[in-house]
Amino acid sequence: MQRLIYNGTVVNEQRVFHGYVVTDGELIAQVAAGEPSQELIDHSYETINVKGAYIMPGVIDDHVHFREPGMTHKADIASESRAAVAGGVTSYMDMPNNKPFTTTIDRLEAKYAKAAQVSPANYSFYIGATNDNIDTLKQVDYTRVCGVKAFLGKSTGGMLLSDPVAMRKIFQEIGTIIAVHSEDEDIINANRQRLVAQYGPDLPLKFHEQIRSEEACYVSTKRVTDLARECGARLHVLHVTTARELPLIDGRQVTGEATVAHLLYSDEDYVRLGNRIKCNPAVKTAADRDALRQAVVDGRLQVIGTDHAPHLLSEKQGGCLVAASGMPMVQFSLVAMLELFKPELVVERMCHAPARLYSIDRRGFLRKGYKADIAIVAPERWTITDAHVISRCGWTPLDGTTVSHRVKMTLVNGQVAYAAGQVNEKCRGERLQFNR
């Protein structure tokens with residue numbers, strides 16, 4: 001089926017121009033500037049006049065936690081992938097800190113089987129690294145799996161790669177991208193013990209950043225980037241939070257991700273938003289936040305992801321040692337980033353760069369012969385509220401935030417996955433493939 005999307009502003013490969021896109025089945029058939037011919041309009045099965053809206057590649061989110069299996073009371077693959085397509089996200093890569101951990105091939109393939117049944121977006125799943133599963137990691141087909149995830153500091157679920165001998169072997173012997181949560185567990189524990197001894201166990205939220213400190217992030221990232229270079233490993237540092245870490249990322253062997261939350265918020269926002277912005281690693285100072293924004297602009301950080309991590313609001317209550325860490329972000333990540341950066345930069349960091357970095361087959365760009373993963377984003381001033389949230393958790397830290405763009409339509413492999421405020425319940429994404 002040929003579909004014509006026209007009268008739009010195409011944003012693709014550092015160009016912004018008035019033009020149109022033609023899809024044929026699941027593929028892009030044409031991307032062109034100007035107006036389509038009358039013949040093309042007459043012979044297209046369907047024509048969509050987007051009335052000046054942006055025509056963009058669909059977002060590829062390299063970092064989500066969809067909570068299935070084991071924590072489906074707050075989210076699952078079906079609910080969160082629906083939220084994804086409502087936000088213009090056409091592909092996602094989900095993390096392994098589930099219950100049980102996704103550290104075996106059987107558990108990994110069970111997640112793929114579930115996504116094939118329920119996900120309107122395209123999908124991939126990381127396999128988790130532990131102190132004793134290197135033999136399993138060696139058996140994975142990384143043309144069909146996005147990569148290995150290693151938690152160097154504990155977060156939701158308690159998954160951890162802590163043995164330096166095991167870590168070195170993984171970095172030496174696993175020839176694919178290794179994505180890391182980089183915080184030093186010993187420093188975190190020492191900070192926690194010191195503050196509890198000084199102030200008692202009911203620590204208020206303001207201490208979260210002091211526990212998960214700049215030092216905890218820097219020491220861990222310095223150690224792991226040194227190890228990656230020594231071993232020749234391909235390392236991707238997730239949710240970089242401090243200005244101090246930025247010089248450790250070279251953009252080639254070691255790449256880095258900024259997350260939406262750390263680009264939007266600083267510790268000054270705790271007064272206004274409280275536990276809604278409690279996450280691991282913690283948001284840091286306004287100076288750190290501004291340094292991250294500049295690193296996105298100048299390319300020191302190559303990718304913007306979400307670290308979409310839903311919890312129920314009831315789980316976000318209490319002091320900093322009790323309230324759950326993480327926030328839902330996938331549904332509003334694109335429109336939030338269009339408030340901070342030019343559209344061509346947003347597309348580079350959220351679409352092109354993830355596709356390039358992970359060597360994803362035929363996605364992330366508006367190119368002839370590529371999969372027709374497309375987001376239509378119109379200029380529209382509106383205020384995000386919890387009532388708009390599709391995620392099962394039912395809230396967003398962006399509640400009350402006014403933005404200037406709105407996702408109007410999302411196409412996944414040429415299928416309309418989201419339009420007119422509704423998710424197409426019949427749409428199903430595909431398993432991502434990697435050219436490695």
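**Bridges, rings and cysteines**

Student: What do the side chains of Arg 276 and Asp 386 meet in?
Tutor: They meet in a salt bridge, 3.0 Å from N to O. That term is for a side-chain nitrogen of Lys or Arg within 4 Å of a carboxyl oxygen of Asp or Glu.

Student: Before we go on, what kind of model is this?
Tutor: It is a predicted model, where local features need pLDDT of at least 70 and side-chain atom pairs count only at pLDDT 80 or more, while totals for chains, interfaces and linings use all residues. Residues are numbered from 1 along each chain as its sequence is written, and side-chain values use heavy atoms, leaving out hydrogens and water.

Student: Thanks! How many salt bridges are there?
Tutor: The count comes to 28. Another one joins Arg 82 and Glu 425, at 2.6 Å from N to O. That pair links distant parts of the chain, with Arg 82 in helix 2 and Glu 425 in the segment after strand 18 (422-423), 343 residues apart. Helices (H or I, at least four residues) and strands (E, at least two) are DSSP runs, numbered from the N terminus.

Student: Which residues are linked in a network of salt bridges?
Tutor: Glu 26, Arg 363, Lys 371, Asp 373 and Glu 430 are linked that way.

Student: And Asp 62, where does that one lie?
Tutor: Asp 62 lies in strand 6, residues 59-64. Asp 62 is buried yet has no salt bridge. The nearest side chain of opposite charge, Arg 234, is 9.0 Å away. For charge, Lys and Arg count as positive and Asp and Glu as negative, with His and the chain ends not counted.

Student: What does Asp 62 touch, leaving out residues up to four places away in sequence?
Tutor: Its contacts (heavy atoms within 4.5 Å) include Met 93, Tyr 126, His 236 and Glu 257.

Student: New topic: how many aromatic pairs does the structure hold?
Tutor: There are 9. Rings of Phe, Tyr and Trp (its six-membered ring) pair if their centres lie within 6.5 Å; planes under 30 degrees apart count as stacked, over 60 as edge-to-face and the rest as tilted. Phe 66 and Tyr 92 make a tilted pair, 4.6 Å centre to centre with 50° between the planes. Phe 66 lies in the loop between strand 6 and helix 2 (77-86) and Tyr 92 in strand 7 (residues 89-94), so this pair ties together parts that are 26 residues apart in sequence.

Student: What about Cys 279?
Tutor: Its sulfur is 10 Å from the closest cysteine sulfur, in Cys 217, which is again too far for a bond. Cys 279 counts as buried, at 5% relative accessibility.

Technical notes: Buried < 20%, exposed > 50% of the residue type's maximum accessible area, 1.4 Å probe, protein only. Disulfide = S-S within 2.5 Å.
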